[in-house]
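Colleague: Please put the model up, and then I will ask about it.

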Amino acid sequence: MSFRIERFTPASRATAIVALIALAFLVAAPWLTGRANIRLLGEMFSFLALASLWNLLAGYCGLVSVGQQAFVGFGGYMLFALAIFLGFDPLLAIPVAGLLGAVLAIPVGTLLFRLQGAYFAIGSWVFAEVLRLSFAQVSSLGGGSGASLPTSVVTGIASNREWREILIYWTGLALAVAVLLIVIALLRSKLGLALTGLRDSEIASESLGVNSWLTKMTVYVSVAGLTTMIGSFIFLQKLRISPDAAFSVNDWTAYVIFIAVIGGIGTIEGPIIGTIIFFLLRETLADLGTTYLLVLGALAILVMLKAPRGVWGLISERSRISLVPVRRQVRFD
Amino acid sequence: MTIITLDRVSKRYGALQVTDAVSLALERGSALGIIGPNGAGKTTLFNLIAGTTLADSGTIRFDGEDVTRMPARRRCHRGIGRSFQIPHPFVGMTTYENVLVGATFGGRLSERDAAAKAVDVLELTGLARKANVLAGQLTLLERKRLEMARALASSPRLLLLDEIAGGLTEPECAELVDAIRNVRAQGVSIIWIEHVVHALLAVVDRIAVIDFGRKIAEGEPAATMASPEVAAIYMGMESEAAHG
Ligand SMILES: Nc1ncnc2c1ncn2[C@@H]1O[C@H](COP(=O)(O)OP(=O)(O)O)[C@@H](O)[C@H]1O
Ligand SMILES: [Mg+2]
């Protein structure tokens, strides 16, 4: 029997081309737009990456974490520690921090995986709080009030401010692109097949030979490592860290969940759309103060009730389109 | 040489003794039919053999190895494949991908070999036309066929089939019987729980009867079907039906 497996569609090829063009513009952005926009884009990259990673855990593994700020904060602090104490180049410290975050995730995941559903969520939050309180005790990193990245470290990235900001911006872009590509590659791989199986029926997957624990652990550890790297990047961009900012459940989990929910949980496209919506809202409504938070909350509830699969869910249901297909199509010749 | 042996296997759910000291032995390459009224504990027996639930007592040996406490995925790797009476399709995947899960993780094949195996199985089970359809969109009958296809893709040496012939038309049923015979001809041992007795009789060499968690009869099909135990059960079922 002769057959082929197709993994691309015309829509996905077009998407790849559009994405490449967008990427070219983003690479050139420092010469196309001002400093404020570059900073904003850097922030968008962080949130896009965090939301894609959270979505991988919650939307594909059913692991609803409200404690991903643990790894964001850990990443920030590792960046500072590696640069200040060990003299690491900050850009090099990012992957090293990521590795440490992944290693940390192994015992943490082993413990948390004993908890089911809501208990897993609470456990993940408790772990983040433990880290926040622990780092507040480290007086050489400023204790509870925090620390700034020393000037010598900062000027080590690049001597003039303009180039430094461009390099940091490119780092953020590279990280966000890498995270998206890794998420896509993972979902298209054998691991993604196991993951989708587990999401749809754990009992059937196990009796077809899938190792549920190991599959989820692999994803949890990968997500933790990448989230840590994003955390390092966030605080490299801020140049300042404190326990409350580093382990903020509001910034690194609530907003991230908002993005994933609005965009569409369990889809690759969702977090991208969610990030754009979130930043549009923030940039237009941020002056309103508390009203802004109320609008976010109301919108999230509305979407959850009216379109549980998010904005992308609505679009893809109507148009039956998938820009980043992870499916396999059999073609009999 | 037996492929699977159950020795006084028991299981209870709360006060209900669902499996009551069941002993069974199946010769390699042979096919056993299991019949019995609804709620008798037939599916539970499969859950115990496949590792979906663990036995309270007794031992289960597969190919000489004690698998009583082994997790389901490892029993699948050893060569036990099962279909679920109530289908558990992976609704977010295509039919082909559903089968691919079995070939990849159960059969532990390389990407290339798993794809070839999956396509083979789709052909054998008549699901090739539905290869690219999301499993969530399959009809109940197709879902049942998918259950068998996924199990087959894991290259089992023992195949457990749980009520897959119900609701089929005569020609469909004949096709199914052919497919199962085909599998058996490749040396796969089979245990088949089925209410459609004539389909069962076309395949199996022996029949076991389960009632209230106990094995009340076992033997050559014609003799077992004619036994007083089976007659009593079916009479009971008929009078139940008359009352209902
Ligand atoms: N997980 C379970 N928890 C509690 N009771 C169960 C469970 N699984 C099966 N049972 C009960 O065990 C009995 C036998 O069920 P089952 O093995 O499905 O019977 P059969 O397949 O012969 O119809 C039924 O009364 C059923 O309600
Ligand atoms: Mg049953």
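Colleague: Which residues does A:Thr215 touch, not counting residues up to four places away in sequence?

Modeller: This is a predicted model, in which local features need pLDDT of at least 70, side-chain atom pairs count only at pLDDT 80 or more, and totals for chains, interfaces and linings use all residues. Residues are numbered from 1 along each chain as its sequence is written, chains are lettered from A and ligands numbered from 1 in the order in which they are written, and side-chain values use heavy atoms, with hydrogens and water left out. Contact means heavy atoms within 4.5 Å. On that basis A:Thr215 touches A:Leu191, A:Ala194, A:Leu195, A:Leu198 and A:Val210.

Colleague: Is A:Thr215 buried or exposed?

Modeller: A:Thr215 sits in helix H10 (residues 212-238) of chain A; helices are DSSP runs of H or I with at least four residues, and strands are runs of E with at least two. Buried means under 20% relative accessible area, exposed over 50%, and partly exposed in between (1.4 Å probe, protein chains only). The relative accessible area of A:Thr215 is 7%, so A:Thr215 is buried.

Colleague: Which residue has a polar side-chain atom 2.7 Å from an oxygen atom of ligand 1?

Modeller: A polar contact is a pair of N or O atoms within 3.5 Å; within protein, one must be able to donate a hydrogen and the other to accept it, and residues adjacent in sequence count only if both atoms are side-chain atoms. A backbone N or O atom of B:Lys42 is 2.8 Å from an oxygen atom of ligand 1. The side-chain atom at 2.7 Å belongs to B:Thr43.

Colleague: Which element gives the most to the shell around ligand 1?

Modeller: Strand S2 (16-27) and helix H1 (42-50) of chain B each give two or more residues to that shell. The one that gives the most, with 3 residues, is H1(B).
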